[in-house]
Amino acid sequence: MLRCRRCPGGFRCSGPIRGSRSASPDSPGHSEPAGCVHHRTRQVFPRCVSAPGLSLHLQTFPKGCMVARSKETMTTDEATKSEGEVQAAALAERGEDITPSKDRGVLKIIKRPGSEDECPMIGDKVYVHYKGKLANGKKFDSSRDRNEPFIFSLGKGQVIKAWDIGVATMKKGEICYLLCKPEYAYGSAGSAPKIPSNATLFFEVELLDFKGEDLFEDGGIIRRIKRKGEGYSNPNEGATVEIHLEGFCGGHRFDCKDVKFVVGEGEDHDIPIGIDKALEKMQRGEHCILYLSPRYGFGEAGKPKFGIQGNAELVYEVTLKSFEKAKESWEMDTKEKLEQAAVVKEKGTMYFKEGKYLQAVIQYGKIVSWLEMEYGLSEKESKASDSFLLAAFLNLAMCYLKLREYAKAVECCDKALGLDQDNEKGLYRRGEARLLMNEFELAKCDFQKVLEVNPQNKAAKSQISVCQKKTKEHNERDRRIYANMFTKFAERDAKEAASKTGAGKAAEKAACGKGPKAAGAEGEEAEGHV
């Protein structure tokens, strides 16, 4: 490809050179590539506005420009092809190489700068509009035609490689052009029927918005990955991890340390439960930012040691340096499971007494994961296993009551009662959960069963009275609601009836008024005829 000297914009044209390279630009011997559309005449034309490649829309041409002349005589397909080729050529010449290996596989030109300084990170959910064209200018896809933004998670392989690279360099509100070589797009396979094999693609992309990854889809832990980790393995509950962390609250750094601990027991090192939870989603070497809601931070109690008040939102930067996974259930024999169950039961009880209910849930949950599906036990082992499981389910129910997750509390009580149908604590705690879920009759039945098991249980008697009172209040409230509803319906029906009656009377009066006049008119007409 050789630069055409008569094109100030810098078009490159192929073909053999005619004339002398050293000749004056205005002389007949001026060097020009054979077949150049800009120099099929000897006239020197003004600078072509679209040529520099800074604006890729071919809209303005100087009078006499051969591109404009040829465009006027082209068919629509030919014009599109020519425009696409010029756009691709300009982007290839002017575009910035944004590939990590600098192999010019993805080139970028910014059409409109973004409004903010921050770029999306790996794992962020991004919202974009785009138009995709082949190198010849033929459009193969557009989110704007569908009037619906395209959403994907950045850096997760959900889109072509060029997009993961290109969108990561954009800022909110930015519009850019991307020229993507086949190895960064659909490669030799293409994407039938619209994208052929080994196709170079041209995209116009607008970054509308982006936000961090919601790890548990409850808004409690938002992760933004600054550096991706290695491999596909993650720490599990009970894994020993070594991390570096920095904690921030209200822009103030309150903690910075390297620490080694067991996942699920971070609280022993003044680390909130949200870090334990997030570590189970991280890879070795990953560096990320975590935004923790109060539930996954230090909760209502706060952390006086760090000067953090209750219900504070926290931000942590965490690097997972290394980890050693804990044994999975299938790697442990029954004896080891029973021994570990005793250890974690004590640990869970300690956390519960300290009001650290999420940490307690983790410990009691280990017992369930180890023993619930354990078969082929001896009579002694089976008895010990059932004892641990019953305690675990009852304690989990109590934790969930404290955490106000009443449906989970009912579920745990059901499992406890499956092991011991007359268990007083199981019946009472299920009754409590149902009462708080406004299931008054079911709660009342549970408390009555408690009295059948232990007639001296004063708390159950008191709760039955509460259930009766709540049921009465609920019924009264329903009665008032329905009474008001029926009153409103009656008033509306009365108004409609009155409106219809009034309309009927008005129509009748109108008819009466018109009657004699019509008769008189007919009489006059008759008299006239006579």
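User: Where does Asp-270 lie?

Analyst: This is a predicted model. In it, Asp-270 sits in the loop between strand 15 (252–262) and helix 5 (273–279).

User: Why is Asp-270 called buried?

Analyst: Its relative accessible area is 16%. Buried means under 20%. Therefore Asp-270 counts as buried. Its phi is near 60°, a positive value in a residue other than glycine.

User: What is the phi of Asn-147, and is Asn-147 buried or exposed?

Analyst: Phi of Asn-147 is near 55°, again positive in a residue other than glycine. Asn-147 is found in the loop between helix 3 (143–146) and strand 9 (150–153). Its relative accessibility is 67%. Exposed means over 50%, so Asn-147 is exposed.

User: What makes Glu-267 and Lys-303 a salt bridge?

Analyst: Their closest N and O atoms are 3.1 Å apart. The cut-off is within 4 Å, for a side-chain nitrogen of Lys or Arg and a carboxyl oxygen of Asp or Glu. The pair therefore counts as a salt bridge. Glu-267 lies in the loop between strand 15 and helix 5, and Lys-303 in the loop between strand 16 (287–292) and strand 17 (314–324), so the pair ties together parts that are 36 residues apart in sequence.

User: Which residues are joined with Glu-267 into one network?

Analyst: Salt bridges that share partners link Glu-267 with Asp-270, Lys-303, Lys-305, Glu-354 and Lys-356. Glu-267 has 9% relative accessibility and Lys-303 has 12%. Buried means under 20%, so Glu-267 and Lys-303 are buried.

User: Why is Lys-139 called partly exposed?

Analyst: Its relative accessibility is 42%. That falls between the 20% and 50% cut-offs, so Lys-139 is partly exposed. Lys-139 forms a salt bridge with Asp-145, with the closest N and O atoms 2.9 Å apart. Asp-145 is exposed, at 55%.

User: What joins the side chains of Thr-334 and Glu-374?

Analyst: A polar contact of 2.7 Å joins them. The limit for such a pair of N or O atoms is within 3.5 Å. Thr-334 lies in helix 6 (residues 334–353). At 15% relative accessibility, Thr-334 counts as buried, because buried means under 20%.

User: How do you know that the peptide bond from Ala-192 to Pro-193 is cis?

Analyst: Its omega is near 5°. Pro-193 is found in the loop between strand 10 (175–180) and strand 11 (201–211).

Notes: Residues are numbered from 1 along each chain as its sequence is written. This is a predicted model: local features need pLDDT of at least 70, side-chain atom pairs count only at pLDDT 80 or more; totals for chains, interfaces and linings use all residues. Side-chain values use heavy atoms; hydrogens and water are left out. Helices (H or I, at least four residues) and strands (E, at least two) are DSSP runs, numbered from the N terminus. Buried means under 20% relative accessible area, exposed over 50%, partly exposed in between (1.4 Å probe, protein chains only). A polar contact is a pair of N or O atoms within 3.5 Å; within protein, one must be able to donate a hydrogen and the other to accept it, and residues adjacent in sequence count only if both atoms are side-chain atoms.
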